[in-house]
Amino acid sequence: MRTTLKRIFIITLTVILLCCSAFPCFAAEEKGIISVTLEDKSKNKINDVTVYLCQVAELNNNGYYPTTAFESSGISISGLINSPDESSAKSVTDYIKSNQIEVLSSASKNGKATFSDLALGIWVVFCDQDSKYTFNPYIVFLPYESGGKLYYEVSSVPKIEDSKPNEISIYVVKKWDDKNNAAKKRPDSVNIELLNGSEVVLAAKLSESNGWSHTFTGVSKDGNYSVREKAVANYKANYSGDITNGFVVTNTYNGEKLPQTGQYWWPIILIAIAGAGFIALGVYEVGVKKNAKKK
Amino acid sequence: MLKRNKGVVFLSIGCILILIACGWYVYNIVEDKNAGQYASEILNEFDEAQNEKTDKNAPIITVDGDAFCGKVIIEKLSVELPVYDEWNYTRLKSAPCRYTGSVNTNDIIIAAHNYKSHFGSLNKLIIGDKVEFIDAYGKSHLYEVCEITTLDGTAVSDMQSGGWAFTLFTCTKGGEQRVTVRCERDKTY
């Protein structure tokens, strides 16, 4: 009896352990830490630079899901997972800035900024520009998986470039006002041009793969910039925003008809003919009556 | 009695219809005239605003809170009108509007009412005629008429296809179709 109970206990324990190893669970209360180290090429610590963190996706037992702020952003979470590169991080950062999404922030002290008690998921890290350096944004997965092990404490170092005080970046994002492409007329891509006055400076192709957004980089600080879109069939473009907050190009579906640009003249002729007809008929009827009276 | 009344009823209906037709005709004529006067007033304000423009690099000129992207000049038709940067039906009643595109991207389409003072004589243009557009920077863009066609009111895609640098359109008298003038940049300019 004792042996049987022991066997049942061992089998149950084995099954539980197997289940746990086959389906890794991420308890909702599980938290992580991301630390950001800021050092120059000579390993000198960079202090007083504000580091920002923003959660793009949350992780549960079924995978990654966009956080509320990114639900309608057009940013593809699977795209971030497949290519968590600098350009993806830049797009996410620009979206955060232009939509003023809430972020966590901390100034670097002793060359480091640490964020603890973070929810699991995908985070983007970006920093303010230093007078000497520019820190490129990047994506962090929490927990971070390496060699089959999950790490809940992630140490990271942003790519550092020398600041170019005479250059700026300009963000542009496309929005669609077409009832979620109900008419199925939305194109696969659109072409946006960055203008300085009336001169075309740079151009970019926006599509779903880049979240319908782009950042024009290396743009001279001195200039009066605006964006224009190459005409998109069935849509009209409206422009808003500025170089600081980024430009928004909203394409509104034109509908199934061109604008009605005419005065109606043809009904006048029809009404006049009908009127003349009735008058003729009336004259005839009155005439017939008179004749009948005479007789 | 009934027969006589019938005749009077017919005469009355006929007179009412003729009066409606006359009223409608007068309304159209007055609307046309007012549109011309209003456009002319806006044009003066537009010219003043362009001369006094403080931000020389702004892509639009603002007149009474409305944004204009430039003005169109068709010398042959004695037409000189400011162009609203975005279209809606209220604006179309006073001046042409940019439907889509821009002169910078070489795909601008301008829509206007078929008032005599607006684009009512667009169908009188012939291939080779010149059309000028002066943008908000004061830069002149000269175009040459290359095609005059009539599109259905539902031909939204056709209107925007073809890669034309400059397109003007207005309704036909019937209102169901659009007289469309396609232009390319004047290479002799």
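The legends below describe close-up views of a predicted model.

**View 1. Three-stranded open sheet in chain A.** The strands of this open sheet run in the order β5-β1-β11 (chain A), and their pairing is mixed. Its edges are formed by β5 (112-119) and β11 (153-156) of chain A, each of which pairs on one side only. On average, neighbouring strands are turned by 15° against each other, with direction ignored. Strand β1 (residues 31-37) of chain A is joined to β11(A) by four bridges in the parallel sense. V36(A) has S156(A), in β11(A), as its bridge partner.

**View 2. Stacked pair Y52(A) and F126(A).** A search of the whole structure gives 15 aromatic pairs over all chains. The ring centres of Y52(A) and F126(A) are 5.1 Å apart and the planes lie at 20°, under the 30 degrees cut-off, so this pair is stacked. Y52(A) belongs to strand β2 (residues 50-60) and F126(A) to strand β6 (residues 121-127) of chain A, 74 residues apart. Both Y52(A) and F126(A) are buried.

**View 3. Tilted pair W87(B) and Y99(B).** The pair W87(B) and Y99(B) is tilted, with 6.1 Å centre to centre and 50° between the planes. W87(B) is in the loop between β3 (79-84) and α2 (89-92) of chain B, while Y99(B) is in strand β4 (residues 97-100) of chain B, twelve residues apart. W87(B) counts as buried because its relative accessibility is 14%; Y99(B), at 2%, also counts as buried.

View 4. W176(A), W212(A), Y235(A) and Y253(A) are linked into a cluster by ring pairs. K174(A) lies over the face of W176(A), 5.2 Å from the ring centre.

Note on methods
Residues are numbered from 1 along each chain as its sequence is written. Chains are lettered from A and ligands numbered from 1 in the order in which they are written. This is a predicted model: local features need pLDDT of at least 70, side-chain atom pairs count only at pLDDT 80 or more; totals for chains, interfaces and linings use all residues. Side-chain values use heavy atoms; hydrogens and water are left out. Two strands pair if DSSP finds at least two bridges between them. Helices (H or I, at least four residues) and strands (E, at least two) are DSSP runs, numbered from the N terminus. Axes are lines fitted to C-alpha atoms, for helices over the stretch in contact, and angles run from 0 to 180 degrees between N-to-C directions. Rings of Phe, Tyr and Trp (its six-membered ring) pair if their centres lie within 6.5 Å; planes under 30 degrees apart count as stacked, over 60 as edge-to-face and the rest as tilted. Buried means under 20% relative accessible area, exposed over 50%, partly exposed in between (1.4 Å probe, protein chains only). A charge sits over a ring if NZ of Lys or CZ of Arg is within 6 Å of the ring centre and within 35 degrees of the ring normal.
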